[in-house]
Structures are given as C-alpha cells and as structure tokens.
Amino acid sequence: MPLCSFSKRRPHQHLLRSPRLDQRRPLVTLRLLLLAVLMVLTLVVSLRFALLHQSFSEPWYKAPELDFELTNNKIPFPPKANKTQKTNMLYEEPTHNANRSPVPNDTAPATKASADDSNIQVPRESHKSVSPYHDWELFSADFQEMLRNLKIFVYPDISINESSSLFARIFLPHPNPFDPKLGNYFSEHMFKVALLQSSLITPHPEEAHFFFLPFSINALRNDPRVHSEASISEFVSQYTSRISREFRFWNASEGTDHFYVCCHSVGRDAASKHHDLHNNAIQVICSSSYFQRLYITHKDVGLPQVWPRPHERVLNPPDARHRLVFFAGRIQNSNIRQQLIASWGNDTYMDIFSVSPSFSYEEGFRRSKFCLHVKGYEVNTARVSDAIHYGCIPVIISDYYDLPFANVLDWSKFSIIISHGDIPHLKKILLSISRQMYLGMYHNLCLVRRHFVWHTRPRDYDSFHMTAYQLWLRRSMHRLSSHTLT
C-alpha cells in the first residue's frame with residue numbers, strides 16, 4: 001500500500017467509532033426509566049414522612065374529618081341506632097357488683113369494654129400515663145375493701161324543737177330528688193338518698209367509722225322559719241350541740257368522725273357558728289376552694305356539683321363536634337367571666353355567650369369539642385359535670401378549685417386546666433392540642449363519666465361511692481373501743 005494512502009487514514013478509527021443510533025436507544029431508554037423510578041420513589045418516601053409528621057403534629061382543627069386510629073388499634077365511636085341491638089348505648093350501667101372492676105388494668109390487651117364503660121372499644125396502652133387514674137390497681141383494691149368494711153351511722157331526726165316532726169323534712173330524704181328545680185342542690189339530696197339505700201349504712205353506731213349529720217341546707221333555705229344564711233348557721237350550731245349532749249359519739253372524737261353534706265354557696269357558712277363542727281367535722285361540700293376560709297383541704301371533701309339531667313345514652317362522637325368552644329353563663333358576679341367575654345365573645349371560632357344563645361344549652365355541649373368551666377361567685381359550677389355528661393372536654397378556668405376525686409382521678413388526662421391569667425391565650429392553647437391528644441382525652445372522658453352520676457340505689461364507682469371513698473381515706477387511725485363508748 002502506498003505511503004500516501006496510509007497517511008490519509010485516521011489511526012485507530014475502529015476503536016473510536018460510536019455505535020449506531022438504533023443500538024444506543026435501548027440503553028438511553030433504560031437509564032431514563034431507572035431515573036424516573038428513582039424520582040417517584042423519592043417523592044413517595046418524602047410524602048410518607050410528611051404525612052406521618054402531620055398526623056402527630058398537625059392540630060386537629062385543620063382536619064375536617066378526624067382520624068380515630070391510635071397506634072394499631074381504633075376507637076370505634078357509637079354505631080348508628082339499631083332497633084334490634086342495644087350495644088350502641090354509651091351509658092348502659094350494670095347492676096351492683098362489688099367484685100367487678102370497671103376498667104381492665106393498663107397492660108391488658110385490647111378488649112371490648114363493658115356496658116358500664118360506655119360500650120367503647122379502647123386501646124390499652126402499655127404506658128400508664130395514658131390512664132385517667134393515678135393508680136387504678138391501688139384504687140380498685142382499696143375501693144373493694146371500702147365496700148366490705150366501711151360503716152356509716154345516720155343520726156335520727158333530732159331537731160332543736162321538742163316536736164321533731166316539725167322539722168322532719170329538714171332531715172328526711174327529699175321525696176322527689178330528681179326534681180329539676182333542685183338545680184345546684186341535687187348532689188346534696190342525692191347523697192342522702194343513696195346512703196340510705198346503700199350497704200354502707202349501719203344501725204349500730206358502735207361499729208360505725210363515720211356519723212352523718214343529715215340536715216339539708218336546701219331544705220333549711222326553703223323553710224320560712226329559718227331561710228337566711230345567718231339563721232341556717234344558728235340552726236346547725238344548736239343542732240350539733242344537741243347531738244353532743246344526747247349522744248356520746250360526738251364527744252368521744254370531738255366530731256372528727258362526723259360529717260355533713262351541702263352544695264352551693266348558701267351552705268359554705270353553715271358551720272361558722274360551731275367551733276368544733278368547723279374545725280373537726282368533715283364538710284362534704286361543692287364549693288371546695290383552697291382560698292375559702294371555712295374549707296380545710298385534706299380534711300374536707302370536694303363534692304361534684306351535678307344537675308338532674310337525663311342520661312345521654314349515645315354521646316356525640318368527636319367528628320360530629322364542629323364547634324371549638326362553648327360557654328354560656330351570667331357575668332354579673334364574676335370578673336373572670338367578664339374578661340372572657342371581652343376577649344373572646346366575638347370570636348367566630350368560639351360560642352361564648354353572656355346571654356342565652358339561639359340554640360339550647362344542651363346542644364352547645366353536644367356540638368362542641370371543648371366546654372368552659374369559668375369561676376362565677378364560687379370556684380364550682382355544674383358546668384364541669386355537664387361537660388363530662390355530654391362528652392365535651394372540660395376547660396377549667398377556676399383558680400384554687402379542689403377538684404372532686406383529685407386523689408383518684410388525673411384530671412389532666414381528660415380536661416384542660418388553665419389559670420385566670422391565661423384567658424388571653426385561650427384560643428392558642430386549645431388550637432395547639434393535637435388530634436391524637438384530643439382523642440385520648442375523649443377516650444378517658446368516656447371512662448370517668450360513671451363517677452359523675454347519681455343513682456337512688458348506688459352503683460359501683462358512681463358519685464356516691466366515689467364520695468364515700470373520700471371519707472374512707474379520711475377514717476381515723478384509731479377505732480374507739482366499746483369500753484370508751486359505754
């Protein structure tokens with residue numbers, strides 16, 4: 001081959017020649033396909049983490065439909081009414097059974113709750129902080145011991161008048177305790193009615209742990225011979241003095257094992273004119289305030305203030321509660337309520353009224369997620385028990401309130417407690433509550449509802465037995481011997 005011909009050829013051209021286009025197309029397509037798959041997977045993983053973060057941190061109020069799933073279990077809310085089934089009844093209560101526990105222990109697997117547990121299937125978390133009780137096992141065991149051993153003696157009709165029948169209705173149980181007109185005094189009357197029907201009462205004072213002074217503040221208030229608060233305290237003082245003269249049990253303990261029950265503000269000064277009644281005897285009283293001069297914490301007992309309301313057998317579930325907050329009440333006797341109305345009365349997120357709203361009082365509780373309990377003249381109102389009754393999370397704005405059954409119930413697990421100074425931040429506080437936290441509080445609220453219900457014939461863990469348990473915890477460390485009483 002001539003030299004000139006060889007010089008025109010490109011060296012190693014066969015090594016540098018590119019494949020033809022039809023040979024490269026499958027390789028390019030495969031690379032593009034792999035890249036697209038990788039981008040899709042990256043997008044899916046990113047969305048998954050975003051949704052997971054949102055379910056734990058996004059406030060529930062941004063979601064129109066709540067996700068009821070907690071961990072791997074679900075809270076099934078009340079099914080639609082079925083004519084052939086009654087399992088949807090949220091508040092079907094059992095007959096009295098002292099050996100039955102209303103709530104399985106915290107480590108038990110998920111099981112269907114009993115009818116007394118509102119027929120709601122609930123997840124059993126392993127962490128004990130989710131329970132609405134400080135220590136369920138300890139409380140349940142001690143409660144059963146109380147049912148077996150606690151004895152209460154009720155004094156007979158002893159009045160300051162020689163003819164006791166003239167004041168009989170002051171001491172006898174109310175003939176119609178479910179009369180709606182009783183209002184704030186309902187708990188006062190129902191304790192006496194339930195006690196006389198309970199297994200705790202004894203006709204033998206020598207074996208009694210406690211002695212009940214059965215006068216009714218409400219009956220005294222409606223008696224024209226007494227009526228005024230000053231006359232009521234004078235009547236109570238003279239009655240107690242007569243008890244100490246005619247019975248030996250008061251003097252044996254100086255009244256430390258005696259108690260009386262009253263509700264609403266009229267009764268808070270009932271013991272003011274009898275030194276030992278005030279200082280030694282136990283007040284079972286609705287106006288249980290740390291700031292009140294006649295209430296002695298750890299000696300006296302906070303009584304839940306309940307109104308006679310029909311049972312809510314089917315609670316409105318969380319996804320049917322479309323309003324954030326409800327409150328309706330007079331503001332004339334409360335600076336705190338006036339501040340609340342001034343701050344939030346015109347907020348469209350909240351139903352807060354100082355006058356009667358266009359809808360019923362009950363409907364406000366049923367359709368709202370949170371219901372406010374705001375201090376009026378006293379720290380207590382029936383709005384706490386109303387909120388629990390209708391399944392609305394209570395928001396308690398009442399400083400120095402010795403909450404009922406607080407040594408048993410962990411109120412932070414089914415209510416929101418804020419101070420008076422936090423009213424300007426109320427909306428921010430409530431909107432910051434996550435969906436999961438709200439559902440957990442609703443679940444706990446369903447469990448504790450039984451403790452805020454009265455029955456003429458008491459049932460396990462109802463208001464009567466929970467109040468009696470508070471007395472049980474205050475029983476004397478020593479028992480008076482029969483020799484001392486003779």
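**Entry 1: Disulfides**

I numbered the bonded cysteines of the protein chain in sequence order and found the pairing 1-2, 3-4. The model is predicted, with local features needing pLDDT of at least 70 and side-chain atom pairs counting only at pLDDT 80 or more, while totals for chains, interfaces and linings use all residues. Residues are numbered from 1 along each chain as its sequence is written, and side-chain values use heavy atoms, with hydrogens and water left out.

I took a disulfide to be a pair of cysteine sulfur atoms within 2.5 Å. The structure holds two disulfides.

I looked up C263 and C286 and found that they form a disulfide with their sulfur atoms 1.6 Å apart. The angle about the S-S bond is -90°, and the link of C263 and C286 is left-handed. This pair links distant parts of the chain, 23 residues apart: C263 sits in the loop between β5 (258-262) and α10 (275-279), and C286 sits in the loop between β6 (282-285) and β7 (301-302). For these elements I used DSSP runs numbered from the N terminus, with helices being H or I of at least four residues and strands being E of at least two.

For burial I used relative accessible area with a 1.4 Å probe and protein chains only: buried is under 20%, exposed is over 50%, and partly exposed is in between. Both C263 and C286 are buried.

I then turned to C371 and C392, which a disulfide joins at an S to S distance of 2.2 Å. The torsion about the S-S bond of C371 and C392 is about 100°, so this disulfide is right-handed. The pair links distant parts of the chain, with C371 in strand β10 (residues 368-374) and C392 in the loop between α13 (383-390) and β11 (393-397), 21 residues apart. C371 has a relative accessible area of 1% and is therefore buried. C392, at 0%, is buried as well.

**Entry 2: Other cysteines**

C262 counts as buried because its relative accessible area is 0%. I also looked up C446, which counts as buried at 4% relative accessibility.

**Entry 3: Aromatic pairs**

I paired rings of Phe, Tyr and Trp (its six-membered ring) if their centres lie within 6.5 Å; planes under 30 degrees apart count as stacked, over 60 as edge-to-face and the rest as tilted. The count by this rule is 36 aromatic pairs.

One of them is F139 with Y461, an edge-to-face pair at 5.8 Å centre to centre and 65° between the planes. F139 is in helix α4 (residues 136-149) and Y461 is in the loop between α15 (435-448) and α16 (463-473), so that the pair links distant parts of the chain, 322 residues apart. F139 is buried at 4% relative accessibility, and Y461 is buried at 0% relative accessible area.

I next examined F326 and Y361, whose ring centres are 6.1 Å apart and whose planes are at 70°, so this pair is edge-to-face. F326 lies in strand β8 (residues 323-328) and Y361 in helix α12 (residues 361-366), so the pair ties together parts 35 residues apart in sequence. F326 or Y361: which is buried and which is partly exposed? F326 counts as buried at 2% relative accessibility, whereas Y361 counts as partly exposed at 23%.

Ring pairs also link Y133, W136, F139, F143, Y461 and Y469 into a cluster.

**Entry 4: Charges over rings**

My criterion for a charge over a ring was NZ of Lys or CZ of Arg within 6 Å of the ring centre and within 35 degrees of the ring normal. R225 lies over the face of F167, 4.0 Å from the ring centre. R367 lies over the face of F359, 3.8 Å from the ring centre.

**Entry 5: Helix α4**

I returned to α4, which carries F139. Its buried residues are W136, F139, S140, D142, F143, Q144, M146 and L147. With contact defined as heavy atoms within 4.5 Å, the buried residues of α4 pack against α16.

**Entry 6: Chain totals**

The secondary structure of the protein chain comes to 17 helices and 12 strands. Of its 486 residues, 50% count as buried. Among contacts between residues at least 6 apart in sequence, 71% join residues at least 24 apart.
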